[in-house]
Amino acid sequence: MNNTVISVHNLVKKFGSFVANDNLSFEVYAGEIFGFLGANGAGKTTTIRILSGLSKPTSGEVNVAGFDAYDQTEQIKKNIGYMCQKFSLYEDLTVKENIILYGGIYGMSRSLIRKRLIELLAKLRFQEYENRMISDLPLGLRQKLAFSVAVLHEPKIVFLDEPTGGVDPITRRQFWESIYETASRGITVFVTTHYMDEAEYCDRISIMNDGKIVALDTPENLKKQYNAGTVEEVFIKIARPV
Amino acid sequence: MKRFLGFVKKEFLHIFRDYRTLFILFGIPVAQILIFGFAVSNDIKNAGVAILDLSHDEITLKLTDKIISSGFFKKTETLLNYKDIDRVFKKGKTKAVIIFENDFGRKLISEGKASLSIIADGSEPNTATLVTNYTTAIVNDFTTELAGPVLNNSIRISPEVKMFYNPNLKSHYMFVPGVVTLILILICALMTSVTITREKEFGTMEVLLVSPLRPIQIILGKVMPYFILSFINVLLILALSWLVFDLPVKGSLILLLAECMLYILMSLSLGILISTVSANMQQAIFISLIGLMLPTVLLSGFIFPIENMPKIYDYISSILPPRYFIVIIKNIMIKGTGLMYIWKETLILIIMTLVFIGISVRKFKIRLE
């Protein structure tokens with residue numbers, strides 16, 4: 001378990017005089033589900049952009065999947081998956097075409113894409129949807145598919161940026177089942193969310209406030225430490241001090 | 001490279017799946033060419049004229065006959081007095097009334113001078129000017145013919161006017177290059193700016209940026225299909241103008257196609273630039289349509305000559321790429337000139353392309369930071 005896939009030491013990111021990430025340090029281990037919480041504007045998005053190679057740190061050491069976030073962003077991008085709140089699938093392409101497209105972008109061979117496509121369709125019981133347009137699928141199915149596509153190339157880490165925004169509880173529940181399944185295959189899941197009940201499902205969570213990480217531990221330990229019944233109470237005690 | 005090709009293929013799928021895009025790409029150019037070519041015409045053909053002949057002699061009959069049989073006019077009515085003029089114009093079919101004065105023929109022979117009036121319907125200034133010009137020309141021609149036997153005592157100089165490059169003054173010569181210029185910039189800039197902002201709006205741009213595709217590959221991949229399709233468009237328009245309007249390319253076809261490629265490239269980079277400054281598709285459409293279409297039609301020299309505009313419009317038009325391309329395409333298509341006479345315009349287009357690309361890359365990098 002103690003195999004580090006993301007290590008961040010004293011990460012600082014400034015935009016002009018505004019400090020978005022103020023001296024962050026944390027580690028994420030292989031195969032864990034790491035919840036990255038914080039109020040809007042706390043600096044979560046900035047951190048995710050740096051970890052996924054979209055933006056460079058101002059200072060500090062950042063290592064993702066064994067690569068440096070300053071000058072090895074190309075390698076980082078090959079080893080991660082990404083899914084955001086807005087759907088990453090093209091609505092005017094079919095299920096199959098989307099899978100072929102993303103497989104191709106990640107440099108997978110034709111035969112490997114074909115193999116994964118069949119596996120994926122079987123796993124999701126999606127066979128009859130193979131040639132359907134994404135726009136014809138219900139929201140829940142699209143979301144599951146988007147997640148499967150994000151891990152199609154078996155990345156070391158997958159970043160999920162508020163993946164369950166605007167989705168009903170049953171679909172969210174099902175979605176978390178696929179997250180567990182993915183983590184059990186050894187893929188690290190780095191997830192941000194606004195739903196505190198989802199935070200309970202994570203192996204460890206960190207809570208950000210004003211650009212700093214103010215808490216980082218397992219949900220159980222945090223609840224004990226802050227004498228709270230739920231993660232939600234912990235979050236309110238930390239992020240909104242009275 | 002394989003990643004890139006898969007991405008290009010996806011862009012083609014977007015285009016072919018969306019009938020609106022296909023219509024804009026191919027329907028509009030064909031419609032424009034046909035509409036401009038047939039409907040918007042500066043030539044006159046069978047314009048209605050009414051005759052008020054107060055003299056009614058051999059010469060007036062001959063002249064009337066010459067005017068009517070010229071092919072430009074057809075007689076709508078024969079009027080009896082001045083009061084009818086207003087009535088006949090109000091009916092709308094008649095564009096001009098030709099009035100011969102009393103004793104027209106006798107005066108012409110005895111005094112060597114007679115007058116006739118041409119009254120045109122000024123509510124349509126363009127037609128009015130054309131009709132009066134054509135009539136005057138026919139009358140002049142007629143006097144010259146007559147002058148031989150009858151008026152041999154006076155000395156006359158009769159200029160013989162010839163129109164170089166466009167002997168029949170056909171308006172297609174003006175519209176086809178204009179439409180190519182308008183269509184290409186409109187389609188290329190509009191389509192690229194919309195397709196890129198669409199990815200931004202749907203959130204797929206984010207995913208593409210996180211993927212191993214480089215930003216330059218993303219942009220090229222999005223633009224490449226439009227480059228190819230626009231080039232097919234050029235071939236289509238040229239074929240159409242050749243088959244339907246009999247308008248050949250006088251100069252080098254290769255040079256023309258190369259210049260078209262340059263212009264398409266310029267328009268595409270302008271589209272990328274528009275996409276970097278607009279937040280959503282509506283904005284991109286708005287900027288492309290209003291910002292490009294009107295100035296191109298009005299200020300590029302497509303319809304109205306720049307020389308006749310106030311100086312300030314001249315300055316504005318000098319930052320419009322279509323102004324230069326219209327010179328290039330007219331020169332190659334109609335005059336048949338080579339690169340020697342259009343290198344300046346070509347150079348300006350190249351510089352504009354580089355500037356647009358430069359600004360876009362800068363903007364794109366700032367967004368990524």
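This is a predicted model: local features need pLDDT of at least 70, side-chain atom pairs count only at pLDDT 80 or more; totals for chains, interfaces and linings use all residues.

User: Thanks. How many helices and strands are there in chain A?

Analyst: Chain A has nine helices and ten strands. Its C-alpha atoms fill a box of roughly 55 × 40 × 35 Å along the principal axes.

User: What radius of gyration would a compact globule of that length have, and what does chain A have?

Analyst: For 242 residues the expectation for a compact globule is near 18 Å, and chain A has 18 Å, so the two agree.

User: And chain B, what is its secondary structure?

Analyst: Chain B comes to 14 helices and four strands. The C-alpha trace of chain B spans about 95 × 45 × 40 Å along its principal axes.

User: How does its radius of gyration look against a compact globule?

Analyst: A compact globule of 369 residues would be near 21 Å, but chain B has 28 Å.

User: Which domains does the assignment give for chain B?

Analyst: Two are listed: domain 1 covers 2-40 + 170-368, and domain 2 covers 47-147. The centres of domain 1 and domain 2 of chain B, taken over C-alpha atoms, are separated by 48 Å.

User: OK, switching to the interface. How many residues of each chain are in contact?

Analyst: On the chain B side there are 21 residues, in contact with 20 residues of chain A.

User: Which helices of chain B supply at least two residues each there?

Analyst: Those are H1 and helix H8 (204-210) of chain B. H1(B) gives the most to the side that touches chain A, with eight residues.

User: What classes of residue are on that side of chain B?

Analyst: By class, the side of chain B that touches chain A has nine nonpolar, five polar and seven charged residues.

User: Back to H1(B), then. At what angle does it pack with H9(B)?

Analyst: Helix H1 (residues 2-17) of chain B and helix H9 (residues 215-243) of chain B pack at about 45°, with their axes 8 Å apart. H1(B) and H9(B) are therefore oblique to each other, and their crossing is right-handed.

User: Which residues make that contact?

Analyst: From H1(B) they include Phe4(B), Phe7(B) and Phe12(B), while the H9(B) residues include Gly221(B), Met224(B) and Pro225(B). By class, the contact of H1(B) with H9(B) has seven nonpolar, two polar and two charged residues.

User: Nice. How do H7(B) and H9(B) cross?

Analyst: The axes of H7(B) and H9(B) come within 10 Å and cross at roughly 165°, which means that H7(B) is roughly antiparallel to H9(B). The crossing of H7(B) and H9(B) is right-handed.

User: Which residues are in that one?

Analyst: Among them are Val176(B), Leu184(B) and Met191(B) of H7(B), with Tyr226(B), Val234(B) and Ile237(B) among those of H9(B). The contact of H7(B) with H9(B) divides into twelve nonpolar, five polar and one charged.

User: Last one: what about H7(B) and H11(B)?

Analyst: Helix H7 (residues 172-202) of chain B and helix H11 (residues 281-299) of chain B have axes that come within 8 Å and cross at roughly 170°. That makes H7(B) roughly antiparallel to H11(B). The contact includes Leu182(B), Leu186(B) and Arg198(B) of H7(B) and Ile285(B), Leu289(B) and Met293(B) of H11(B). By class, the residues of the contact of H7(B) with H11(B) are 13 nonpolar, five polar and two charged.

User: Great, thanks!

Methods: Residues are numbered from 1 along each chain as its sequence is written. Chains are lettered from A and ligands numbered from 1 in the order in which they are written. Axes are lines fitted to C-alpha atoms, for helices over the stretch in contact, and angles run from 0 to 180 degrees between N-to-C directions. Angles under 35 degrees count as roughly parallel, over 145 as roughly antiparallel, 65 to 115 as roughly perpendicular and the rest as oblique. A crossing is left-handed if the near helix is turned anticlockwise from the far one by less than a right angle, and right-handed if clockwise. Two residues are in contact if their C-beta atoms, placed from the backbone, lie within 7 Å. Ala, Val, Leu, Ile, Met, Phe, Trp, Tyr, Cys and Pro count as nonpolar, Asp, Glu, Lys and Arg as charged, and the others, Gly among them, as polar. Domain bounds come from an automatic or database domain assignment. The radius of gyration is taken over C-alpha atoms; the globule rule is 2.2 Å times the number of residues to the power 0.38.
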